[in-house]
Amino acid sequence: MTNRQLALDAGHPEPPPRVGFFTDTSVCIGCKACEVACKEWNAIPEDGLTLSGMSYDNTQGLGASTWRHVAFIEQQTQQQPPTPEGRTQLPLLAGESEAAPVETTGAGELRWLMSSDVCKHCTHAACLDVCPTGSLFRTEFGTVVVQEDICNGCGYCVPACPYGVIEQRPHDGRAFKCTMCYDRLGAGQEPACAKACPTESIQFGPLDELRERAALRVDQLQESGVEGARLYGHEPDDGVGGDGAFFLLLDRPEVYGLPPDPVVTTRDLPTMWKHAGAAALSLAGGIALSFVLSGLPPLPRRKATR
Ligand code: SF4
Ligand code: SF4
Ligand code: SF4
């Protein structure tokens, strides 16, 4: 499905280009300016001022009151024994054996992977498919927005999201998530989180342009020896039809707590409805047939023969 078709299908006759986020985690410094800007612009309440013990991550994940979440992943690389390169190798004296291998403690360098996570504004958004009130809707920009004044708190969207993004607030059950700052987009401004990011880790713009930029960036990183660099959520033919918010990661998605192969949870709904319809038709046919047969005169009894 083209980006334009997405907005046309949602009832927007003259849509602007679809917009989104390209989050380049290789330049994220973990400052959390994006989390703070999101909270401030959207007047989101605090979500528990506790120490999690998980590195510098105290928000721990996306939720009803955390629409941006900066993950800190601490990785310990395996220590390599010192290599002889660059050293003068003296010839062994007669009778001297090879030196014993240098023992290592196993502990290597520590590296932090930092990544600012957000709603993916999926092309095929299951949260939107299951919402019975129209609280979740597709905007003219191709983004997915939830309206707090229409949400009835049924919670259907929560298990439908393949990324675990959307959540209900405990006190009234209404669901909340990132709106990609719909109010700011309407006024021609970029989202607050992208504006606040000092390193341009969060890049906002037309999705097609972002995909081109991301492809160049991942090539550049791989050519300079960053083997783990990869894109996530950029493929338009993946299980959710591609994300409106996609990422450049430095390791496997599971390391960042992202599903490696997300699939829209409502994918099988049309087939299920088709099967349910066929079953209902056969049942109705059986009942009708039984009524017709019960209205027929009884079959004549055969005389007993002696
Ligand atoms: S990530 Fe989840 S909440 Fe966001 S659009 Fe996709 S299905 Fe909906
Ligand atoms: S786009 Fe707006 S609502 Fe979404 S995470 Fe960024 S600041 Fe928050
Ligand atoms: S503002 Fe930018 S650099 Fe700072 S944590 Fe967020 S994404 Fe990373």
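Helices (H or I, at least four residues) and strands (E, at least two) are taken here as DSSP runs, numbered from the N terminus. On that basis the protein chain comes out with 8 helices and 10 strands. This is a predicted model, so local features need pLDDT of at least 70 and side-chain atom pairs count only at pLDDT 80 or more, while totals for chains, interfaces and linings use all residues. Residues are numbered from 1 along each chain as its sequence is written, chains are lettered from A and ligands numbered from 1 in written order, and side-chain values use heavy atoms, with hydrogens and water left out.

Of the 306 residues in the protein chain, 39% count as buried; buried means under 20% relative accessible area, exposed over 50%, and partly exposed in between (1.4 Å probe, protein chains only). Among contacts (heavy atoms within 4.5 Å) with a separation of 6 or more, 67% join residues 24 or more positions apart.

Ala 245 belongs to strand S10, residues 245–249. Ala 245 counts as buried because its relative accessibility is 1%. Leaving aside neighbours within four places in sequence, Ala 245 touches Phe 21, Val 118, Cys 119 and Lys 120.

Now for the ligands. Cys 119 and Lys 120 turn up again around ligand 1, along with residues including His 121, Cys 122, Cys 127, Val 144 and Cys 161; a residue is near a molecule if one of its heavy atoms lies within 4 Å of it. By class, this shell splits into 9 nonpolar, 1 polar and 2 charged residues, where Ala, Val, Leu, Ile, Met, Phe, Trp, Tyr, Cys and Pro count as nonpolar, Asp, Glu, Lys and Arg as charged, and the others, Gly among them, as polar. Ligand 3 has 14 residues around it, of which Cys 28, Cys 31, Lys 32, Cys 34 and Cys 197 come nearest. The shell of ligand 3 holds 9 nonpolar, 4 polar and 1 charged residues.

Thr 143 sits in the loop between strand S4 (136–138) and strand S5 (144–146). Thr 143 is buried because its relative accessible area is 0%. Its side chain makes a polar contact with the side chain of Thr 139 at 2.6 Å; such a contact is a pair of N or O atoms within 3.5 Å, and within protein one must be able to donate a hydrogen and the other to accept it, with residues adjacent in sequence counting only if both atoms are side-chain atoms. Beyond four places in sequence, Thr 143 is in contact with Val 19, His 121, Phe 137, Arg 138 and Met 180.
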